[in-house]
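The following exercises are intended for a reader who meets this structure for the first time.

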Amino acid sequence: MDSVFFDKNITKEFLSETKLNTVQGEISGRVFARNYGDNIPGATVLIQGTTNGVDTDEDGYFRLKAKLGDVISVQYLGFKTLRFIVEGSYFEIPLEEEEMLELESIVVDSYRTMPNNADAEVIQKNKTMSNVLDGHANIKARKNLSETAFFYPNLYPNEKGEVEIKFKAPEALTKWKLKTLANDKNGNSNYFAHLAYTQRNVMIQPNMPRFVRETDEIELKARVSNTTNDKLKATALLRLFNTVTGEEITDEIIKTKILIPVDIQANSSNSVSWKVQIPKNIEGLQYRISVQAGNFTDAEESVIPVLSNRQLVTETIPVWQLANETKKYELTNLVENQSTSLENHQLRIDISNNATWLMMQSLPYLYEYPYNCSEQLFAKYFAYAIAAYILETNEPIQKLVAAWRENPKSKFEENDELNQILAQDLPWLKDLISDDEKKAQFVSYFGEQNLLKEVDKIEDVLIERQTVSGGIPWFDGGRASNYITNHILITAAKLKKLNIEPTFISTDKETKFINKANVYLDVTFNDLFTKEKEATVFEVIDYALVKSYYADVFSIPENNKIRIDKRLAELRNDWITLPLYEKAKLILIANRKGDKQWANEITNQLEQTAVLDETYGMFWRGNISTYYFNYNEAEVQALLVEAFKEMKKPQTTINKLNTWLISRKSQTSWGTTKATTEALYAILLGEDQNAISKESIKIKVGNDKINTAKNKNEILEEAVGMFSYRWLGDKIKSDMGKIEVENKTSKPVFGGIYWQYFQDLNQIKQSQDGVLNINRSYLSQNKDRIWEPINSETKLVLGQKVKIRLTIEAKRDLSFVHLKDNRAATFEPIDVLSEYHYKDRIFYYQTNKDASTNFFFDFLPKGNHILEYEVRLNNIGNFTSGISTIQSMYAPAHSAHTSGDKVQVK
């Protein structure tokens with residue numbers, strides 16, 4: 001039987017049998033694109049004249065309660081609306097792409113839009129384009145586009161058994177799902193779910209990308225909907241602004257007419273679009289999109305992040321000076337720079353004689369790290385716990401934070417979604433705001449109540465994540481990891497050594513988490529000893545070290561203790577050839593076991609082989625990350641600081657050790673979250689406890705001395721030993737690469753000089769011949785649904801599926817590897833759930849961020865591996881993808897990347 005559609009009779013090319021188990025009073029079916037056959041997820045299937053409707057699922061199928069004779073409307077942005085009368089139970093619904101209206105064929109007035117022909121009735125001819133634009137400018141825009149209206153996990157009824165919920169609804173025009181679950185003390189429960197819609201008589205709903213990249217050419221589309229029973233004539237307007245400066249750039253980057261007329265049938269919708277050329281040197285686009293049909297209006301305002309096609313390069317000079325010492329520093333590449341393509345980002349000088357303040361500057365790096373693996377989650381916990389402790393015990397820092405909190409916030413801080421994507425892909429963008437905004441941004445991390453709340457939240461997550469065995473996996477749902485469990489136990493113990501004892505460490509939770517983790521390590525260490533093999537010397541040292549932190553709390557099982565003592569006795573006469581890292585561990589183990597003589601022997605040998613440098617302090621030439629797998633030079637130096645401090649070496653020696661450690665710092669971190677927590681601990685542990693010196697630090701940049709006239713904030717800044725200055729963009733000149741620092745204080749000063757500049761990504765070619773190699777390719781389906789490689793002749797169209805194939809070559813076994821595939825703005829992932837997968841002999845965790853798809857491998861075996869995931873083409877235009885990078889998380893020197901790619905969608 002034929003299914004009758006308005007303006008169409010579609011014979012049953014439809015399926016004769018239902019793919020869904022349809023029940024009486026219900027229809028089901030599939031919505032797909034007529035021109036290329038792909039199913040369309042997210043299409044709206046609505047009973048006309050009602051609010052009863054559903055969206056198609058991720059495979060394009062739907063099920064809807066409807067009866068014979070109902071008129072069904074099917075809508076999807078960029079496709080013509082299709083209506084049909086229910087005369088069956090299952091429907092195959094093909095949608096056709098729309099053709100856009102041209103402005104030249106229309107005469108516009110402020111209320112109605114009509115065809116420009118002889119028969120057209122022209123009303124209010126005196127209305128001009130300016131009047132129309134003014135009308136749009138006065139429309140109040142919706143700005144709160146939050147996807148969650150509220151979440152109340154604990155609600156209690158009043159004496160009448162009623163629960164009253166009050167909330168401020170977001171301004172997004174969409175479908176909302178209300179879910180409630182109630183239970184009583186007897187365990188009785190009830191569940192209720194209901195759909196609600198927020199809508200206006202006339203609505204504009206843009207399909208904005210999550211992000212764009214510089215030089216992208218994109219067609220921005222929006223759906224204009226009419227929920228009245230009358231046909232309406234409307235105008236739609238798009239305006240674009242520079243997010244940082246607020247400057248309007250509409251005319252410069254929109255390549256079509258900015259004001260578009262559109263006819264909308266009753267209870268129907270139409271689409272409008274604008275072609276936009278994304279410029280260079282812009283960090284974000286603030287859009288304002290509006291529609292007006294007579295007295296009916298609607299507008300929406302938000303921000304689209306603009307990702308750079310450039311690579312940020314940082315050059316660093318460490319600063320370390322003794323009391324009352326003057327030194328000169330030179331950024332040679334800046335002084336000698338004659339490049340025409342290099343673009344300056346910032347020159348920054350951060351100097352302090354307060355190690356606590358230097359350490360606080362790195363805490364936001366740990367707060368904002370976007371991947372919640374267990375190690376990085378505990379790094380956030382470490383940062384929150386330390387910050388809360390400092391704010392409670394350090395009065396000068398407390399006063400400074402309170403003063404900075406009064407500064408105005410930047411636009412980035414006011415937009416949580418933008419803030420998240422910037423933290424992942426454009427962290428340098430936050431450098432462009434004013435000094436006052438930057439200070440307010442910095443202290444926003446240090447609200448005391450929020451810090452304690454976050455600490456409790458992370459405790460709960462880690463306790464829930466801990467496996468039955470007591471081990472802690474890298475990601476939730478993964479296998480227990482000895483390496484991760486070991487690290488978390490040691491870091492928790494280090495917090496206690498700093499006299500920081502949050503509830504996680506100091507209460508009953510300790511026996512439920514710390515004790516279980518200790519037992520897990522006891523069991524896994526015991527399992528290393530079988531008839532066929534025994535634990536390696538490195539495994540014995542690692543186990544002995546973590547147990548040494550808990551010697552006064554948890555005893556070592558007798559059989560494990562015997563094994564440790566035996567191996568340590570053997571090492572007592574054969575330790576000299578061990579790597580530097582193992583020697584540092586042995587100092588701590590021996591000293592804590594009471595073998596002071598052996599600990600001193602190792603310490604003296606290290607002192608004799610160390611390098612003493614006027615600029616870089618005290619270090620060892622063999623401490624180089626690239627020499628070993630899973631090795632980080634900052635972590636090694638941090639452990640050496642701890643070992644020398646425990647051996648009561650002079651403060652001058654500790655200062656020199658920390659100088660080299662600070663020299664490895666890249667502006668706010670030491671390359672990884674694990675290395676950063678270790679380094680921060682070492683800096684705090686090795687801090688000179690003498691009071692902050694009240695004298696000043698004088699700085700000369702090029703031929704100019706920095707003006708040190710002090711306002712109220714600067715007096716507070718100097719009270720905590722902070723001296724920080726920066727210059728942006730074209731304010732940076734070549735002669736500024738010569739810097740002189742005069743330390744007039746009675747304490748050593750630490751810090752760094754950082755010069756950052758950009759290189760174009762298109763200059764970056766695929767890396768080769770390392771321990772890791774990676775290649776990226778794209779595939780599309782032909783008419784027979786077979787995946788074929790995309791080449792220059794392949795035509796890609798809106799809504800089509802594309803498969804991204806990542807081919808990895810690992811030349812040896814690697815652990816804790818991260819692959820980040822930076823997507824083009826048109827690529828919308830189909831699989832959005834974060835979860836573990838097992839494919840091609842590898843076990844990995846996959847998660848999507850706004851601009852990238854990420855893969856985490858607990859263990860990546862030697863050999864070639866292929867990963868694939870599917871995306872849908874979400875926007876028309878020409879797009880640039882970022883590069884795909886693969887890197888060992890805890891040994892960043894092992895890395896590789898692809899080249900960038902171009903994608904064209906028609």
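The exercises below concern a predicted model.

**Exercise 1. The chain as a whole**

Task: State how many helices and strands the chain has, and what share of its residues is buried.

Solution. 
Step 1. The secondary structure of the chain consists of 22 helices and 46 strands.
Step 2. The chain has 906 residues, and buried residues account for 54% of them.
Step 3. Contacts may also be sorted by separation in sequence: of those between residues at least 6 apart, 72% join residues at least 24 apart.

**Exercise 2. Helices H20 and H21**

Task: Determine whether H20 runs roughly parallel or roughly antiparallel to H21, and name the residues that form their contact.

Solution. 
Step 1. Two packed helices are described by the angle between their axes and by the distance between those axes.
Step 2. For helix H20 (residues 651-663) and helix H21 (residues 673-685), the axes come within 10 Å and cross at roughly 150°.
Step 3. Angles over 145 degrees count as roughly antiparallel, and H20 is therefore roughly antiparallel to H21.
Step 4. The crossing of these two helices, H20 and H21, is left-handed.
Step 5. H20 contributes Asn 658, Leu 661 and Ile 662 to the contact, while H21 contributes Ala 679, Ala 682 and Ile 683.
Step 6. By class, the residues of the contact of H20 with H21 are five nonpolar, one polar and no charged.
Step 7. Turning to H20 itself, its 13 residues reach 18 Å from the first C-alpha to the last, close to the 18 Å expected at 1.5 Å a residue.
Step 8. H20 is mostly covered, with ten of its 13 residues buried; among them are Asn 658, Trp 660, Leu 661 and Ile 662.

**Exercise 3. Helices H12 and H15**

Task: Describe how H12 is oriented relative to H15, and classify the residues of their contact.

Solution. 
Step 1. The axes of helix H12 (residues 482-497) and H15 come within 9 Å, crossing at roughly 30°.
Step 2. Angles under 35 degrees count as roughly parallel, so H12 is roughly parallel to H15.
Step 3. H12 passes H15 in a left-handed crossing.
Step 4. The contact involves Asn 486, Leu 489 and Ile 490 of H12 together with Asp 542, Leu 545 and Val 546 of H15.
Step 5. The residues of the contact of H12 with H15 comprise four nonpolar, one polar and one charged.
Step 6. Helix H15 (residues 537-548) has twelve residues and reaches 16 Å from its first C-alpha to its last, close to the 16 Å expected at 1.5 Å a residue.
Step 7. The buried residues of H15 include Leu 545 and Val 546.

**Exercise 4. The surroundings of Glu 678**

Task: Decide whether Glu 678 is buried or exposed, and list its contacts beyond its neighbours within four places in sequence.

Solution. 
Step 1. Glu 678 is located in helix H21.
Step 2. Buried means under 20% relative accessible area; because its relative accessibility is 10%, Glu 678 counts as buried.
Step 3. Leaving aside neighbours within four places in sequence, Glu 678 is in contact with His 487, Lys 494, Glu 635 and Ala 638.
Step 4. Ala 634 is 44 residues from Glu 678 in sequence, and their C-alpha atoms are 7.8 Å apart.

Note on methods. Residues are numbered from 1 along each chain as its sequence is written. This is a predicted model: local features need pLDDT of at least 70, side-chain atom pairs count only at pLDDT 80 or more; totals for chains, interfaces and linings use all residues. Side-chain values use heavy atoms; hydrogens and water are left out. Axes are lines fitted to C-alpha atoms, for helices over the stretch in contact, and angles run from 0 to 180 degrees between N-to-C directions. Helices (H or I, at least four residues) and strands (E, at least two) are DSSP runs, numbered from the N terminus. Angles under 35 degrees count as roughly parallel, over 145 as roughly antiparallel, 65 to 115 as roughly perpendicular and the rest as oblique. A crossing is left-handed if the near helix is turned anticlockwise from the far one by less than a right angle, and right-handed if clockwise. Contact means heavy atoms within 4.5 Å. Ala, Val, Leu, Ile, Met, Phe, Trp, Tyr, Cys and Pro count as nonpolar, Asp, Glu, Lys and Arg as charged, and the others, Gly among them, as polar. The expected span of a helix is 1.5 Å times one less than its number of residues. Buried means under 20% relative accessible area, exposed over 50%, partly exposed in between (1.4 Å probe, protein chains only).
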